[in-house]
Amino acid sequence: SISANVRVGQAVDAVGQVGRPKTITGFQSHDTPVLLAHSERAEMATEKYISLTNVLEGFVILKKNPDYDEEEEESK
């Protein structure tokens, strides 16, 4: 079991928007595991782990990001 940071907030409909639009609004950061309400969505808070699915619903399998630099993240 991995404890990862996720942002949980209200889902935003981003269909048809160009670039990388926001998918949640009014988010709070939590450590996993988290339970989502019907209208909520989650996204990874850091790039330390990579989700093997593009939608964070139900059970999500994570793997370590080989390109993640913890020292670089702390300096931000």
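Biologist: Which strand does Ala 42 lie in?

Modeller: Ala 42 lies in strand 3, which covers residues 40-44; strands here are DSSP runs of E with at least two residues, helices are runs of H or I with at least four, and both are numbered from the N terminus. This is a predicted model, in which local features need pLDDT of at least 70 and side-chain atom pairs count only at pLDDT 80 or more, while totals for chains, interfaces and linings use all residues. Residues are numbered from 1 along each chain as its sequence is written, and side-chain values use heavy atoms, with hydrogens and water left out.

Biologist: Buried or exposed, that alanine?

Modeller: Ala 42 counts as buried because its relative accessibility is 12%, given that buried means under 20% relative accessible area, exposed over 50% and partly exposed in between, with a 1.4 Å probe and protein chains only.

Biologist: And which residues make up the largest nonpolar core?

Modeller: Its six residues are Ala 4, Val 6, Val 8, Ala 42, Met 44 and Tyr 49. Strand 1 and strand 3 each supply at least two residues of this core. A nonpolar core is a set of buried Ala, Val, Leu, Ile, Met, Phe, Trp, Tyr and Cys residues joined through side-chain atoms within 4.5 Å.

Biologist: How far apart are the C-alpha atoms of Ala 42 and Val 6?

Modeller: They are separated by 6.4 Å, although the two residues are 36 apart along the chain.

Biologist: Last one, what does the side chain of Ser 51 reach?

Modeller: The side chain of Ser 51, a residue in strand 4 (residues 49-51), reaches the backbone oxygen of Thr 53 at 2.7 Å. Ser 51 also counts as buried, because its relative accessibility is 18%.

Key
A polar contact is a pair of N or O atoms within 3.5 Å; within protein, one must be able to donate a hydrogen and the other to accept it, and residues adjacent in sequence count only if both atoms are side-chain atoms.
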